[in-house]
Amino acid sequence: MNKKKLIIPALSLSAIIVATKLTGDFNSINIYSTDLSKENVSFYTDETIPKRIEANLRYTFNHTNMVPQGLTISDDYFFISMYDYYHLSNSMINVYDKDGNFVNSCELDNKAHVGGISYDNTNELIWVSSTYGNVDVYRSIDIVNRESAKPTYRDLYLGSNLRSYNKLFKTAISYLTFYNNTLFVGNFTLSEKGIVKQFDISFDKNRTVHLTEINRFKVPSLVQGISFYEKDDKTYMILSRSCGPKIPSALQIYKYNEEINIFII
């Protein structure tokens, strides 16, 4: 077998990357972690990747048609977003404590793919990608305690220029993350470069949210997730890339600088 190897040199990076893996029966999920602490970090884009990680926790749920999509973490909880494989039921967010115990299953009020989810620890909000380039924002306390929840901020359209890969005249936010009090949103692409946009977040005296684009940059195709990490006064951006079971997945790590407008290996 010819192995394709991605080399990310001299990162001196120590981080915990949390990833989800669907077990195949749509009713359980494994959480993995790996320590990226070597001076030179490399990942093989084949079946050797699982040998580098150890399973920590296993979560189970009773929604047999729900497909896990995104994961975010607060001080006390794991939040896992999921959508109905058959697009019949509304999307959901399941909540677990740090020991893997089930806490709550909260139904959202749409059938969005919910591929992006991120916890805003400053405002105790959960940002979730919605339909057609929109983002919905929920109070985390509602997701933890209620059987269903309405967004505190609904249909925040941030998707201009983020084209949907399978709907010609639609936009889509496939992933997002909250970092350094700003929101990053991006789109999934099959072949062309994707786009990530960064927004400053502010609230007026009436608690109306305002989002102002402050940066954008290009990333490779097939990006499904984004995260940031700081070490030694440097910021690193981590991109997860995948597309179905037949294309090898990969993590790619970049030194992040706001003045760079294209991140391609």
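## Close-up views of a predicted model

**View 1. Arg216 and Glu213 form a salt bridge.** The closest N and O atoms of Arg216 and Glu213 are 2.7 Å apart. A salt bridge here is a side-chain nitrogen of Lys or Arg within 4 Å of a carboxyl oxygen of Asp or Glu. Arg216 is partly exposed, with a relative accessible area of 33%, and Glu213, at 31%, is also partly exposed. For relative accessible area, buried means under 20%, exposed over 50%, and partly exposed in between (1.4 Å probe, protein chains only). This is a predicted model in which local features need pLDDT of at least 70 and side-chain atom pairs count only at pLDDT 80 or more, while totals for chains, interfaces and linings use all residues. Residues are numbered from 1 along each chain as its sequence is written, and side-chain values use heavy atoms, with hydrogens and water left out.

**View 2. Asp109 and Lys150 form a salt bridge.** The closest N and O atoms of this pair are 4.0 Å apart. The pair links distant parts of the chain, 41 residues apart: Asp109 is in the loop between β9 (102-107) and β10 (117-120), and Lys150 is in the loop between α1 (140-145) and β13. Helices (H or I, at least four residues) and strands (E, at least two) are DSSP runs, numbered from the N terminus. Asp109 counts as partly exposed at 22% relative accessibility, whereas Lys150 counts as exposed at 57%.

**View 3. Arg139 and Asp142 form a salt bridge.** Their closest N and O atoms are 2.8 Å apart. Arg139 is partly exposed, with a relative accessible area of 37%, whereas Asp142 counts as buried at 7% relative accessibility. By the salt-bridge rule, the count comes to 6.

View 4. Strand β11 (residues 125-129) runs antiparallel to β12 and is joined to it by 5 bridges. Two strands pair if DSSP finds at least two bridges between them. Ile126 has Tyr138 in β12 as its bridge partner. The hairpin of β11 and β12 has 4 residues between the strands, and Tyr132 in this hairpin takes a positive phi near 50°. Strand β13 (residues 153-157) is also antiparallel to β12, with 3 bridges joining the two. Here Asn134 has Tyr157 in β13 as its bridge partner.

**View 5. Ser129 lies in strand β11.** Ser129 is buried, with a relative accessible area of 1%. The side chain of Ser129 reaches the backbone nitrogen of Gly115 at 3.3 Å. Leaving aside neighbours within four places in sequence, Ser129 is in contact (heavy atoms within 4.5 Å) with residues including Ala112, Val114, Asn134, Ile173 and Leu176.

Note on methods. A polar contact is a pair of N or O atoms within 3.5 Å; within protein, one must be able to donate a hydrogen and the other to accept it, and residues adjacent in sequence count only if both atoms are side-chain atoms.
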